[in-house]
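Biologist: I am new to this structure and would like to go through it with you, one question at a time. Could you show it to me before we begin?

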Amino acid sequence: MGLTKKLLAATAIVLALGTAASAKTFVYCSEGSPEGFDPGLYTAGQTFDASAHPVYNRLAEFKKGTTETEPGLAETWDVSEDGLQYTFKLRPGVKFHSNANFTPTRDMNADDVVFSFDRQGNKDNPWNQYVAGASWEYYTSMSMPDFVKSIEKVDDLTVRFTLNQPYAPFIANIAMPFASIVSKEYADKLAETGQQAQLNQAPIGTGPFEFVAYQPDAVIRYKAFADYWGGKQPIDDLVFAITKDAAVRQQRLLAGECHLMAYPNPADVPALQQNADLTVSEQEGLNIGYLAWNTTQPPFDKPEVRRALNMAINKDAIIQAVYQGAGQKAVSPIPPTMWSYDASLKDDAYDPEAAKKALADAGVSNLSMKIWAMPVARPYNPNAARMAELMQADLAKVGVTAEIVSYEWGEYLKRAADPKHDGAVLLGWTGDNGDPDNFLATLLSCDGVGTSSNAAAFCNEEYEKVVQEAKRVSSQEERAKLYKQAQEIFKQQAPWATIAHSVVYVPMRKNVTGFVQSPLGDYTFDGVDITE
């Protein structure tokens, strides 16, 4: 009953917004609430969609629909011959947003860039822990503290990063949401008035849309930023109608209450494709859905036990029931569309009898465990509750008793970050930048232990050596060889049960123009319009 009331309330708000003025309003039916509005603090897609993409920009950006980088807040950059210095020339005249409590007195400059990064990597920065327990998960799990030696302001429009060692994915990394540029002037004012939390609740950026208001679990409202350096947007108001249930998102799309929706139920896609009022965009997802075993907790600390449990899971049945055929079995942690994918890898065979024997040989009997099921639909896992049920039944066949648990999404990620958590965690990943490092290092390196990115708490010396070396090599051919080694070690160690790579569908009303589906799974609305 509570959910129904919330959805009705959200619908009322959205309809009110749409009819209150003659302004052109675009309504997006999103799948979940953001954890906050400071992108550096988080890793969840719905948080980036609500913060990084409408409100902020980065030094480099990804070209729409690709994983190629292009200039953003930096017009140009130079890299020293030894690969240790990156010098960025900033775009002049870039304006920051304002709100009821803050009006900027200057344009974006080097101080903002230095502040945006230093607070993430410098524990002595007073903003490093302005949110209690902040781990700056991306900055940390991508080994940025190890590689970034210094960040300095050369002049108002020039910033220089000096690295300790070459870092091949550096430009791709700083085009990611965590590297969004925030206003130092705004932060300074908040610090003066003791309102630091507002940086995460009332964001100020340089992006195409200004934040207006947020009603938790219901609606987020933005307005087009008139002084945006890329030009005023075609739509005047952008509304995120937060609608956690995919069936309700679909109802609202069909009723014309929203113009575009996230993550339809796979079973409903054929009907949506046949609807004359809709367009359905689709592409192979740069993603992976998986079950992470906690490699620090017995008996899951033994690779032979993890491999045995992987043999108990019937992936074909999961692909059919959960993905409705819109997916393919995952063998590697990276998708087949990504360079360095090792097509020679052998998948975990589905063999319950062999799994039973392997568990017995490993001395495991009467095993009871928990499977954590995500509370939200994601492109890599459209129905985690159903997937968990299928896994529960599969494990029962080999004598393993599994209890299914779930938590609110922010709490789920927080608990998954604890290396001592008590479950096998259903999670997944959509690539952030098109580089294998973003999967193989971010999700499985020692730096990621203690973050939800590495829910397996996997830290293997042999694996670590290979993925860290791959960061330092400039040749893509040499990097690919190292990443293939990493995939082989991964299969032997089996920190995950790799489940599927999915096709991602984006249904929208026929009158929506300018929306470009992202291989990175982002929902961005700059350049989007509605025709009458």
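Biologist: Is cysteine 446 buried, partly exposed or exposed?

Modeller: The model is a predicted one, in which local features need pLDDT of at least 70 and side-chain atom pairs count only at pLDDT 80 or more, whereas totals for chains, interfaces and linings use all residues. Residues are numbered from 1 along each chain as its sequence is written, and side-chain values use heavy atoms, with hydrogens and water left out. Buried means under 20% relative accessible area, exposed means over 50%, and partly exposed lies in between, with a 1.4 Å probe and protein chains only. Because its relative accessibility is 22%, cysteine 446 counts as partly exposed.

Biologist: Which cysteine does a disulfide join to cysteine 446?

Modeller: A disulfide is a pair of cysteine sulfur atoms within 2.5 Å, and by this rule the count comes to one. The link is right-handed, with 95° about the S-S bond, and its S to S distance is 2.0 Å. Cysteine 446 and its partner both lie in the loop between helix H16 (437-440) and helix H17 (461-472), so the pair ties together parts that are 13 residues apart in sequence. The partner, which counts as partly exposed at 47% relative accessibility, is cysteine 459.

Biologist: How many aromatic pairs does a search of the whole structure find, and how is the pair of tryptophan 409 and tyrosine 412 classed?

Modeller: Rings of Phe, Tyr and Trp (its six-membered ring) pair if their centres lie within 6.5 Å, and planes under 30 degrees apart count as stacked, over 60 as edge-to-face and the rest as tilted. The search of the whole structure finds 35 aromatic pairs. In the pair of tryptophan 409 and tyrosine 412, the centres are 5.5 Å apart with 40° between the planes, and the class is tilted.

Biologist: In which helix do tryptophan 409 and tyrosine 412 lie?

Modeller: Helices (H or I, at least four residues) and strands (E, at least two) are DSSP runs, numbered from the N terminus. Tryptophan 409 counts as buried because its relative accessibility is 7%, and tyrosine 412 is buried as well, with a relative accessible area of 0%. The two residues are three apart, about one turn of the helix, and both lie in helix H15 (residues 409-416).

Biologist: Against which helix do the buried residues of H8 pack?

Modeller: In helix H8 (residues 184-192), the buried residues are Glu185, Tyr186, Ala187 and Leu190. At the start of H8, a side-chain oxygen of serine 183 reaches to within 3.4 Å of the backbone nitrogen of glutamate 185, where a polar contact is a pair of N or O atoms within 3.5 Å; within protein, one must be able to donate a hydrogen and the other to accept it, and residues adjacent in sequence count only if both atoms are side-chain atoms. With contact taken as heavy atoms within 4.5 Å, the buried residues of H8 pack against helix H4 (110-121).

Biologist: Which element gives the most to the lining of the largest cavity?

Modeller: On a 1 Å grid over the protein atoms alone, a cavity is a set of points where a 1.4 Å probe fits but cannot get out, and lining residues have an atom within 4 Å of a point; grid points are joined across faces, edges and corners, and a volume is the space filled by probe spheres set on the points. The structure holds six cavities of 30 Å³ or more, and the largest has a volume of about 310 Å³. Of the 26 residues that line the largest cavity, the closest to its centre are Thr43, Ala44, Gly45, Arg378 and Thr430. With four residues, the element that gives the most to this lining is E17.

Methods: 1 Å grid on protein atoms, 1.4 Å probe; cavity = no way out; pocket = protein on both sides within 12 Å on 5 of 7 lines; lining within 4 Å.
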